[in-house]
Every structure is written in C-alpha cells, then in structure tokens.
Amino acid sequence: SVMNEIRGDRHYTETHEWVVDNGDGSFTLGITDYAQESLGDLVFVELPVEGDSVVAASPLCVVESVKSASDVHAPVDLEVLEVNQALDSDPELVNSDCYDEGWLVKFNADSIESLMDATSYQDFLESE
C-alpha cells in the first residue's frame, strides 16, 4: 500500500483516527494508514460495548500490536452504535484494510465539524 494513504472523503484527528459521515446521522471510525503502519501487526482489538457513551478525547478502543498497546480516542462526544465484530477473530484487517473492512466503531454524534479534513491532516503529518 502507498505510505500514509489519506482519503479525501473523511475527517481526521491529531491522534490518527479517521471518521466518515455515513449520511444517515451515523459515523464510522477507524485508525489511519499512518497509525496502523506505526503500530505494526495487530494481535488484538479491544472494542467498546454498543450503547456506551464516550466523551471526546477519552479512550474508545485499544489496539494491541506485537510492539505495543495504544488507545484509540473518541474524536467527539459520541454514543457507540455498532462495533466491528470481525476484528475479534481477525484484528489484522486493521492493517490490511484500515479504511474499509478494518473499521472499528460506528457511532452517533452531534457533529464532526471540529475535525481536520484530509488536506489539514496531510499538513499535520508532514509537520510531525
């Protein structure tokens, strides 16, 4: 895969989560290509519980690789609608397909307008 693929159809956070608007009032979240690349091969994903309310910037999930465990943060105040059950048996999907099959959580939130667009995230990565 291209190093640090960034998709134009989504919003991003400084902690390397992506969020896409599903158009029905719900949003899907995952970690970016940069994040999965940094973590290395994932061996376990600890997902939240459907119905959980999580405050912005609080830990939402934990992704564990052979190297380390890392929190995935809630980008905004949210309520968990659905979690990606496929990751229980195949956490590696986050590495191979972080923007599609490797999504983590679907959620409800008032707005994601506070997050970076793709261009801003690209600039942020380059300034790191």
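In this predicted model, Arg7 counts as partly exposed, at 22% relative accessibility. The Arg7 side chain takes part in a salt bridge with Asp100, with the closest N and O atoms 3.1 Å apart. This pair links distant parts of the chain. Arg7 sits in the segment before strand S1 (11-12). Asp100 sits in the loop between helix H3 (93-96) and strand S9 (105-108). The two residues are 93 residues apart. Asp100 is partly exposed, at a relative accessible area of 37%.

Arg7 also forms a salt bridge with Glu5. Here the closest N and O atoms are 2.8 Å apart. Glu5 is partly exposed as well, with a relative accessible area of 30%.

A search of the whole structure gives 3 salt bridges. One of them joins the side chains of Asp9 and Arg10, at 2.7 Å from N to O. Asp9 is partly exposed, at 49% relative accessibility. Arg10 counts as buried, at 7%.

Cysteine pairing was examined next. The structure holds 0 disulfides. The sulfur of Cys61 is 14 Å from the closest cysteine sulfur, that of Cys98, which is too far for a bond. A disulfide requires two cysteine sulfur atoms within 2.5 Å. Cys98 is likewise in no disulfide, and the nearest cysteine sulfur to it is that of Cys61, 14 Å away. Cys61 is buried, with a relative accessible area of 1%. Cys98 also counts as buried, at 6% relative accessibility.

Cys61 also has a place in the strand pairing. In S7, its bridge partner is Val72. S6 and S7 run antiparallel and are joined by 5 bridges. These strands belong to an open sheet of 3 strands, in the order S4-S6-S7, with antiparallel pairing. S4 and strand S7 (69-73) stand at the edges. Each has a single partner strand, so one side of each is left without a neighbour in the sheet. Neighbouring strands of this sheet are turned by 25° against each other on average, direction ignored. In a regular strand the side chains alternate between the two faces of the sheet.

Strand S4 (residues 42-46) contains Val43. Val43 is partly exposed, with a relative accessible area of 47%. Together with Phe44 and Val66, Val43 makes a nonpolar surface patch of about 290 Å². Membership of such a patch requires over 30% relative accessible area and no salt bridge. Val43 qualifies on area because its relative accessible area is 47%.

Further antiparallel pairing involves S5, S8 and S9. Strand S5 (residues 53-54) pairs with strand S8 (residues 78-83) over 2 bridges, in the antiparallel sense. Val54 has Leu78 in S8 as its bridge partner. S8 also pairs with S9, again in the antiparallel sense, over 4 bridges. In this case Val80 has Phe107 in S9 as its bridge partner.

Backbone torsions were considered last. Most residues other than glycine have a negative phi. His16 has a positive phi of about 70°, although it is not a glycine. This residue is found in the loop between S1 and strand S2 (17-21). His16 is buried, with a relative accessible area of 12%. Ala57 also has a positive phi, near 75°, in a residue other than glycine. Ala57 is found in the loop between S5 and strand S6 (59-65). At 58% relative accessibility, Ala57 counts as exposed.

Key: Residues numbered from 1 in each chain as written. Predicted model: local features only at pLDDT ≥ 70, side-chain atom pairs only at ≥ 80, totals over all residues. Heavy atoms only, no water. Patch = residues over 30% accessible without salt bridge, like charges linked within 9 Å, V, L, I, M, F, W, Y side chains within 5 Å. Areas by Shrake-Rupley, 256 points an atom, 1.4 Å probe, with all protein chains shown as cover. Salt bridge = Lys/Arg side-chain N within 4 Å of Asp/Glu carboxyl O. Buried < 20%, exposed > 50% of the residue type's maximum accessible area, 1.4 Å probe, protein only. Pairing = 2+ DSSP bridges. Axes fitted to C-alpha atoms, helices over the stretch in contact; angles between N-to-C directions.
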